[in-house]
Amino acid sequence: MSNFYNEILTDHNLHPVHKHELSCCSCTRDGVNPSCGDEITLNLRVEDGVITDGSFTGSGCAVSQASADIMLDLVIGRSTAEALRLHGIFMKMIRGEATDSELDELDEAGALSDISHMPARVKCAVLGWRTLNEMIS
Amino acid sequence: MNERSYKADFPVFERYPDLAYLDNSATTQKPRAVLDAAARYYREENANPLRGLYELAVKATDAYENARIAVRDFIGAASEREIIFTRNASESLNLIAYSYGRANIREGDEILVTISEHHSNFLPWQILAKEKGARLKFLKCTESGEYTPEMLEKALTPRTRIFAAAQISNVFGRLNPIKEFAEICRRNGTLIVCDGAQSVPHIPVNVRELGVDFLAFSGHKMLAPMGIGVLYGREELLEKMPPFLYGGEMIEYVTLCGATFAELPHKFEAGTVNAGGAVGLHAAIDYINALGFDEIERRENALTAKLMNEIRNTPHVHITGSDDPDEHHGIVTFTIDDVHPHDVAAIFDEAGVAVRAGHHCAQPLHKFLNLQSTVRASVAFYNDEQDIERFSDCLKTIRKRMGYNE
């Protein structure tokens, strides 16, 4: 708990790699947490079932913004099927049910595993993933 | 300062001895005297009040009605017939809008609401205005949250039927000049609805001195259990108002095609009442009276001043509203540059400090002030200097924790 705001999270929040507009994306979708005001717009370019590029814009708490950035790091270059599988693992992690080898697959997204003890922040962490899931499933 | 530790009166601090609970504007903790009184009612006096014809039911009725008398005296009402028990301030305000509002507001009438009202004293009026074709207008404050009598006079028109204002704003913590407002409203033929949720627990409030037509407040923000609240209304207004909810124990006589309704205050208390909550509220009033508002205000003002001083001495932290601690009544709302309030609250939580983050049910105000959301620390008399120090120690680390090196 005490290292929840770790370097991975703060770095992705302060210096996001994927937070920008994306021209000629093939799909875009808004995700909002009305009660806390987090909002993102997720853009993906999908070619032959592969996510070849992606970005997001928006505003919100560090957890929501960093989680979206980390997610894009993970899914760009993968097939949509693979991205959906990672979404499933992320949701398992949130419920505290992911195995160690599954956590390894999440790479930096695993830095958010403590969120399973912070019910009030779960919706922030899953905002990007939920939006991604709605776009490609 | 050699102060008595009031925390010893609150069992929650036995379970969480190090917790700096600074979310008292949301709800207060409960002293043992309140918890014991509510439990004793259910152990020794429980029956359905107002109905029974046996000894225990008489005891239950007495316990419930004695609580009403305690509330009457606490806020200086003329009669216990003017005290309606509700669930909370929100329900009290809805009762006025549904009952008085639906019977009296017509197309083209105006309802004036301050821009800093809690949603509870804003949404019922918005809905009513829409339904009736009335106009909802807003009284805007200065940047430091001030409303003056002159501002109100300018905003009132001959069509203004209702003016809704909190005595103390739950964001600014500022005390509004309700007595002057009430006088101006009376001259204009406008009813004044006062939300006392943040004032009744912290300063002496006397409805006849203030001259308000209605006053709403919640028990749970003043040491009592959740689920018991109060609506005060002037008797002649309540007499003419139709019931709000229909059901048991609010009737005089019912036939298949009609009914006549019970006398005040029971006309507005349909169904089985929250007697345990009322007894708890009675015990809370006794506790507050024994402590005295002089002591409550002395402690809360000193803690507020210390809290604001710590915030002012921390770079990148900005207080919403007045710079003067005396204008805050225990409520200090602030922002930290480039750190989202939810992250701020989460970091405070790790350090054992409970604060509120968000829009505090005052979205129109946040929009007006151009703030997306804020953090709010709010003290009660049982807080102590260590709570403020714990808050301050954590506050100073937050920007660094979020990766800012300065």
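**Close-up 1. Strand β7 of chain B and its partners.** In β7(B), B:A216 is the bridge partner of B:D195. Helices (H or I, at least four residues) and strands (E, at least two) are DSSP runs, numbered from the N terminus. This is a predicted model: local features need pLDDT of at least 70, side-chain atom pairs count only at pLDDT 80 or more, and totals for chains, interfaces and linings use all residues; side-chain values use heavy atoms, with hydrogens and water left out. Residues are numbered from 1 along each chain as its sequence is written, while chains are lettered from A and ligands numbered from 1 in the order in which they are written. Strand β6 (residues 191–195) of chain B runs parallel to β7(B), and 3 bridges pair them; two strands pair if DSSP finds at least two bridges between them. Strand β8 (residues 229–233) of chain B is antiparallel to β7(B), joined to it by 5 bridges. Here B:A216 stands opposite B:L231.

**Close-up 2. The two faces of β7(B).** Is this strand mostly covered or uncovered? Strand β7 (residues 214–218) of chain B is mostly covered, with 5 of its 5 residues buried. Buried means under 20% relative accessible area, exposed over 50%, and partly exposed in between (1.4 Å probe, protein chains only). On one side sit B:F214, B:A216 and B:S218, on the other B:L215 and B:F217, and all are buried.

**Close-up 3. A stacked ring pair in chain A.** A search of the whole structure finds 19 aromatic pairs over all chains. One of them is the stacked pair of A:F90 and A:W129, 4.8 Å centre to centre with 20° between the planes. This pair links distant parts of the chain: A:F90 lies in helix α3 (residues 80–94) of chain A and A:W129 in helix α5 (residues 122–136) of chain A, 39 residues apart. A:F90 counts as buried because its relative accessibility is 0%, and A:W129 is buried too, at 0%. Rings of Phe, Tyr and Trp (its six-membered ring) pair if their centres lie within 6.5 Å; planes under 30 degrees apart count as stacked, over 60 as edge-to-face and the rest as tilted.

Close-up 4. B:Y41 and B:Y42 form an edge-to-face pair, 4.9 Å centre to centre and with 75° between the planes. B:Y41 is buried, with a relative accessible area of 1%, whereas B:Y42 is partly exposed at 49%. Elsewhere in the chain, ring pairs link B:Y6, B:F10, B:F13, B:Y287, B:F381 and B:Y382 into a cluster.

**Close-up 5. Charges over rings.** Which ring does the charged end of B:K7 sit over? The ring is that of B:F13, whose centre is 5.3 Å away. The charged end of B:R15 likewise sits over the ring of B:Y16, 4.7 Å from its centre. A charge sits over a ring if NZ of Lys or CZ of Arg is within 6 Å of the ring centre and within 35 degrees of the ring normal.

**Close-up 6. Chain A in outline.** Chain A has 5 helices and 3 strands, in the order α-β-β-β-α-α-α-α from the N terminus on. Its C-alpha atoms fill a box of roughly 40 × 30 × 25 Å along the principal axes. Buried residues make up 48% of the 137 residues in chain A.
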